[in-house]
Amino acid sequence: MKKLFFSCLALFVLSLFSFSGVHATLVVKDDAVFGDDAITLDTDTGWEWLDLSASLGKSRSYVNTQFGVGGAYEGFRYATVAEAEGLCVAAGMPLGETQNQADFDAVAYLVSLVGQTRSQAGYPEILSMTESGTSVGADYYGSTYICGQTGQWYGEGAAISTVSSWLIREAAPVPLPGAVLLLGSGLLRLIGIRRGRS
């Protein structure tokens, strides 16, 4: 009985570590309001990022009025520069100027997740406003990408068809998988049986 108890305890502890030790990834999810593949979840930060097409061409003054109950972006808020740059880095993009093909591939990867706002010479670009109006993304010039802060700033009323907004919300908490709960309840039952026989 003692051997069974410690085996169950070891399995339970191991299962908790295996679920909490998952590496951060960027995961595309569907959304009931915005549709298929409209959300990118960063499992490291717990932020859900709205696809850039949902706010393309909208001014910051308009977007700011849509965060409340019943608004087009209910539950979301503007990301800060640091948060938006964090998403870029999570996608493998460097911050600053680059001509490296691996970095170009990272830009294409981020675009595959959140969309693009325009393209130059066939290269996708992301020009997207943060809460301060500073653009964060990837801007292509000749043979160089400017990644992170792109050098553009947009006022409250700027509504440009090729500029979007970085909108984020906190992801809903993920419940512990049923198997872990079942194992835990079995372990508690074994403890109860053991104490009853003592």
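To start me off, is Tyr140 buried or exposed?

Author: Happy to! Tyr140 counts as buried, at 9% relative accessibility; buried means under 20% relative accessible area, exposed over 50% and partly exposed in between, with a 1.4 Å probe and protein chains only. A word on the source: this is a predicted model, in which local features need pLDDT of at least 70, side-chain atom pairs count only at pLDDT 80 or more, and totals for chains, interfaces and linings use all residues. Residues are numbered from 1 along each chain as its sequence is written, and side-chain values use heavy atoms, leaving out hydrogens and water.

The whole structure holds ten aromatic pairs. Rings of Phe, Tyr and Trp (its six-membered ring) pair if their centres lie within 6.5 Å, and planes under 30 degrees apart count as stacked, over 60 as edge-to-face and the rest as tilted. One of the pairs is Phe34 with Tyr73, stacked at 6.3 Å centre to centre with 10° between the planes. Phe34 lies in the loop between strand 1 (26–31) and strand 2 (35–42), and Tyr73, 39 residues apart from it, in the loop between helix 2 (60–64) and strand 4 (77–78). Here helices (H or I, at least four residues) and strands (E, at least two) are DSSP runs, numbered from the N terminus. Phe34 is partly exposed at 28% relative accessible area, while Tyr73 is buried at 2%.

Back to your residue: the ring centres of Tyr140 and Phe104 are 6.1 Å apart with planes at 80°, so this pair is edge-to-face. Phe104 sits in helix 4 (residues 101–114) and Tyr140 in strand 8 (residues 134–141), 36 residues apart. Phe104 is buried too, with a relative accessible area of 9%.
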